[in-house]
Amino acid sequence: MVPGRLRYNRQASCTFNNSYGDWVISRGATCSGTRVFTGLKKYELPPDYSGIKIPEKPKLKFVERAPSVPKVRREFKNLRDIRGPSTEATEFTEGQYGILAMGGGYLRWGHFEMMRLTINRNMNPKKMFAIWRVPAPYKPITRKGLGQRMGGGKGAIDHYVTAVKTGRLIVEVGGYVEFVEVERFLTQVAQKLPFPAIAVSRESLQEMRDKEEERRRNNQNPWTFERIITSNMLGMRKFLSPYDLQLKGRYWGKFFLPDRV
């Protein structure tokens with residue numbers, strides 16, 4: 001039985017069948033003066049693209065391998081560059097979709113080229129655009145030659161990297177498209193990065209943050225990591241780093257622990 005059609009019955013009556021949602025009309029009987037509309041469908045409203053503007057150059061720009069400065073000073077590792085949550089590029093600016101870093105790490109020039117080529121080949125420049133949310137490689141990484149003895153000072157600069165913290169957007173994609181159209185190649189790019197990353201949209205990013213805030217607010221376990229280290233139970237502060245007190249145990253080095261409240 002197809003919903004919305006008239007179904008005939010041997011009884012000479014005109015009734016409404018709740019199980020099928022249509023009218024049951026006997027042979028020769030009609031429901032005079034009444035027009036039956038059943039089986040109406042609800043369609044979702046199309047997305048609103050009124051505020052979107054495609055730039056003149058929609059594709060990702062080429063990134064230089066090294067900074068264009070006369071001389072770069074060699075520096076320490078400074079692992080705090082990739083530790084903890086990011087305070088930069090955590091919100092969308094122009095695009096609706098992007099790649100979110102779920103851990104800390106360094107991006108080399110090869111990663112920039114991989115992202116640029118993959119996204120530019122899969123996107124339609126007539127209705128899509130992409131922008132960088134991370135700077136070009138700027139941090140020098142030194143390396144000594146193979147077989148050299150210890151000592152002799154710091155090695156020569158080998159390559160440059162970009163430091164990324166947890167929660168930072170790597171690249172943004174926008175235009176007259178939906179998330180299902182870009183999720184495939186954004187996920188493909190995210191899986192090739194040197195740290196955990198996922199493809200997100202504006203809605204999924206906000207939903208993720210709301211869910212995290214709800215877990216924190218409705219937590220029934222009183223013995224959280226923050227309370228334990230604040231109370232200095234069993235004298236554990238002498239075994240912890242100052243970063244553990246500052247980050248409340250949610251970040252272990254460059255790693256992010258999302259399950260910890």
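**Reading the fold, the core and the loop**

Author: Of the 261 residues in the chain, 32% are buried, where buried means under 20% relative accessible area, exposed over 50% and partly exposed in between, with a 1.4 Å probe and protein chains only. The model is a predicted one, in which local features need pLDDT of at least 70 and side-chain atom pairs count only at pLDDT 80 or more, while totals for chains, interfaces and linings use all residues. Residues are numbered from 1 along each chain as its sequence is written, and side-chain values use heavy atoms, with hydrogens and water left out.

Reader: How many helices and strands does the chain have?

Author: Helices (H or I, at least four residues) and strands (E, at least two) are DSSP runs, numbered from the N terminus. The chain has five helices and 12 strands. A contact is defined by heavy atoms within 4.5 Å. Among the contacts with a separation of 6 or more, 73% are between residues 24 or more positions apart.

Reader: Which residues have the most contacts inside the largest nonpolar core?

Author: In soluble globular proteins, nonpolar side chains tend to be buried together. A nonpolar core is a set of buried Ala, Val, Leu, Ile, Met, Phe, Trp, Tyr and Cys residues joined through side-chain atoms within 4.5 Å. Here the largest such core holds 29 residues, and I99, L107, M115, I119, I170 and L186 have the most contacts inside it. Two or more residues each are given to this core by β4 (97-101), α1 (109-122), β6 (128-132), β9 (169-175), α2 (179-190) and β10 (197-201). The largest share, five residues, comes from α2. There is also a second, separate core of five residues, including F92, L100, V200 and L205.

Reader: Which residues of α2 are buried, and which exposed residues lie on the face turned away from them?

Author: The buried residues in α2 are V182, F185, L186, V189 and A190. They lie on the same side of α2 because they cover an arc of only 145° around the axis, the arc being that of the directions from the helix axis to the C-beta atoms. On the face turned away from this buried side are the exposed residues V180 and R184. The cover over the buried residues of α2 includes β4, α1, β6, β9 and β10.

Reader: With which strands does β4 pair, and what covers its faces in terms of burial?

Author: Two strands pair if DSSP finds at least two bridges between them. β4 pairs with β9 in the antiparallel sense over four bridges, and I99 stands opposite V171 in β9. β4 also pairs with β10 in the antiparallel sense, over five bridges; there G98 has V200 as its bridge partner. Both faces of β4 are covered, with Y97, I99 and A101 buried on one side and G98 and L100 buried on the other. Leaving aside neighbours within four places in sequence, the contacts of I99 include I170, V171, L186, V189, A190 and I198.

Reader: How many bridges join β6 to β9?

Author: β6 and β9 pair in the antiparallel sense over five bridges, and M128 has G175 in β9 as its bridge partner. Four of the five residues of β6 are buried.

Reader: What does R80 touch, and over which ring does R83 lie?

Author: R80 lies in the loop between β3 and β4 and counts as partly exposed because its relative accessibility is 49%. Not counting residues up to four places away in sequence, R80 touches K165 and Y243. R80 and Y243 are 163 residues apart in sequence and 9.5 Å apart in space, C-alpha to C-alpha. A charge sits over a ring if NZ of Lys or CZ of Arg is within 6 Å of the ring centre and within 35 degrees of the ring normal. R83 lies over the face of Y243, at 4.0 Å from the ring centre, and the charged end of R65 sits over the ring of W109, 3.9 Å from its centre.
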